[in-house]
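Look at the sequence and the structure, then read the points below.

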Amino acid sequence: MFETSTYQEQYQQFLDNPEVFWREQAARITWYKQPETILSVDENEYFRWYCDGELNTSYLCLDYHVEQGRGDQPALIYDSPVTNSKASFTYLELRDQVAHFAGGLKNLGVQKGDRVVIYMPMVPEAVVAMLACARLGAIHSVVFGGFAAHELAVRIDDAHPKVIVTASCGIEIGRVIPYKPMVDEAIATAEYKPSHVVLIQRPQCQADMQDGRDVDWQDLMASAEPAQPVAVKGTDPLYILYTSGTTGKPKGVVRDNGGHAVAMCYSMDVVYNIKAGDVYWAASDVGWVVGHSYIVYAPLLTGCTTILYEGKPVKTPDAGAFWRVCAEHGVKTMFTAPTAFRAVRKEDPEAEGLKQYDLSKLERIYLAGERLDPPTYEWLKEKTGLPIIDHWWQTETAWAIAGNPIGLEPMPTKAGSATVPMPGYQVQILDEAGEPVPAGQKGNITIKLPLPPGTLTTIWGNHPRFEAGYLNTYPGYYLTGDEGYLDEDNYLFVMGRCDDVINVAGHRLSTGQMEEIVGSHPAVAECAVIGVSDALKGQLPLGLVVLKDGAEVSAEELGQRLKQMVRSQIGAVGCYDQSLIVQRLPKTRSGKILRRTMRQIADAQPYTVPSTIDDPAVLDEIAQAMKTAGRLTT
Ligand code: COA
Ligand code: AMP
């Protein structure tokens, strides 16, 4: 059924009749109850897929493969250079762990529809916890371990989890990061109080336990009976994943079960050309969407062996780490963010680390999460001799909006392009007035509704925010927040965000959120945080700060304090390092700060002075201040 077509044929089938197309794709998974209604509209008048189908995602990831005779195949390989340990779990073993942990959660009162926050490092228990929630029909919300207590508290107050699952610590290069004090602080500051914390004690750090509330992972497992998968509707939520928006409050992207399972399987086939039995590795973190989709769900739904890597591309122990993992586990396809390879290239420009490993099984390297810069692309292509595939997507979509449909037919690549829209996505470039622009002309990248299965269905607890942020700007279209163009061959070129979201080392962050923190310093009258180019991390935040009259604080003292404030409220991943004191900020006559123009100045890009600017002289002052501080890229 799925062997039919070339890319053009399949894209045309989708365009001709999306419902027929997605009805066919629904057969990629085994439903408890086959969906009859493929596309419908929910109580929010938003499109939904497979509303009357019934399934269980954990069953499909585990039990199904055991039933199909894959019980002895490794499902998950844990490779942890930071703890010097490795482990492998077959489908049968992982199924049993998940069923037991689900039983444990059930004993704590977790039921279908309840939320569970998972704040974990890259250990197998993180995957077990996610799948155990899915087994019960509970909704997990994984919070990236690099986020500080405040960020965790914000998510607790939004998601109202019954239980938090955590570990005693995470391990960064040469440093143990205790998690439990952050969990305790987050619960203390959050208004909503979860009933229980389940904690895995790691040998590197013992956490204190609070009587009555905290439960040891091992104890919970020991007293639990395995739980069976619970049937959920196609439209029931599987998870909430918070992502940065333009304001300080993160958005809880909601993903459902049915569309997600179908889309994950579809993308593994069409985007990655991966089949059951293949070894697939996404070098990311379970706290990000890449981790959700391509460490956990897509590979397991497909019956692959997935790799869970607790380490870095460099220094754990060296820049050959990625090549070692690929060689040792026979990885067929690996996927990471360009920044990871920029780090490798910086440490090992001649790729000496690669030469000592047998990479004969590695067929392709996929990159996403940020713009793939040409030098990194060229270096990787030359050093590995492999196809390097760029693809573009976002937390909201869970799978590629544009990519190279390798599973249908590899298309020629074009430098700087993520290739073509995937079947399911009708990408349209619109101008400010909402009119389609001609090929080659830059504009807002939008997707004509309905979005395909697997994409977000709402923002948790705040559908108006979903509508305001994504749907209302251009009625009938989803606003991606990126700008770019389609060329005459329908190849998509993504130029970057047109909002206040920045991408630091593949981590999506909000400058608006940083501005709220910087602006809360008593000496700061107003501020703007912009993302400026960085050779390693892609972008780094830079704060431009106007002091209150009479404020007595040295630039150095203020810079240190602001750095510390952002670090303690967002986390180290914020990478907020530089503040620049300026006399005033460039604004339009209506008072809007011209962040984009300042970004262009910092990156030494050509810019036009906006006609709405209040006083053009401010731009020269800003350029001069950046130059003096050595912040200007020239
Ligand atoms: N838990 C706690 N702290 C974390 C963390 C985690 N999970 N992840 C990162 N941090 C900390 C780092 O230790 C660092 O702290 P420091 O400022 O005290 O040194 C800080 O956050 C910034 O981290 P990062 O920006 O990642 O810088 P780095 O120098 O540690 O590593 C790279 C740089 C490029 C090697 C690393 O960012 C990387 O591997 N990036 C790939 C990104 C990725 O996989 N993204 C997912 C989307 S595909
Ligand atoms: P995230 O939600 O963290 O996956 O970040 C999504 C954002 O990262 C997108 O909106 C883009 O701005 C950027 N991004 C992701 N992949 C690419 C890519 N291949 N090329 C350019 N930008 C990308």
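In this predicted model, the count of aromatic pairs comes to 38. One of these pairs is formed by Y266 and W399, whose ring centres lie 5.8 Å apart. The planes of Y266 and W399 are at 85° to each other, and the pair is edge-to-face because angles over 60 degrees count as such.

**Where Y266 and W399 sit**
- Y266 has a relative accessible area of 0% and is buried.
- W399 is also buried, at 0% relative accessibility.

**A pair within one helix**
- F466 and Y470 form a tilted pair, with ring centres 5.6 Å apart and planes at 50°.
- Both residues lie in helix α15 (residues 463-471), and because they are four residues apart, about one helical turn separates F466 from Y470.
- F466 is buried, with a relative accessible area of 0%.
- Y470 has 4% relative accessibility, so Y470 counts as buried, the cut-off being under 20%.

**A cluster of rings**
- Ring pairs join Y7, Y11, F14, F21, W22, W31, W49, Y50, Y266, W399 and Y425 into a cluster.

**Charges over rings**
- R155 has its charged end over the ring of F147, at 4.7 Å from the ring centre.
- K414 lies over the face of Y491, and the distance to the ring centre is 4.6 Å.

Notes
Residues numbered from 1 in each chain as written. Chains lettered and ligands numbered in written order. Predicted model: local features only at pLDDT ≥ 70, side-chain atom pairs only at ≥ 80, totals over all residues. Heavy atoms only, no water. Phe/Tyr/Trp six-rings, centres within 6.5 Å; stacked < 30°, edge-to-face > 60°. Buried < 20%, exposed > 50% of the residue type's maximum accessible area, 1.4 Å probe, protein only. Helix = DSSP H or I, 4+ residues; strand = E, 2+ residues; numbered from the N terminus. Lys NZ or Arg CZ within 6 Å of the ring centre and 35° of its normal.
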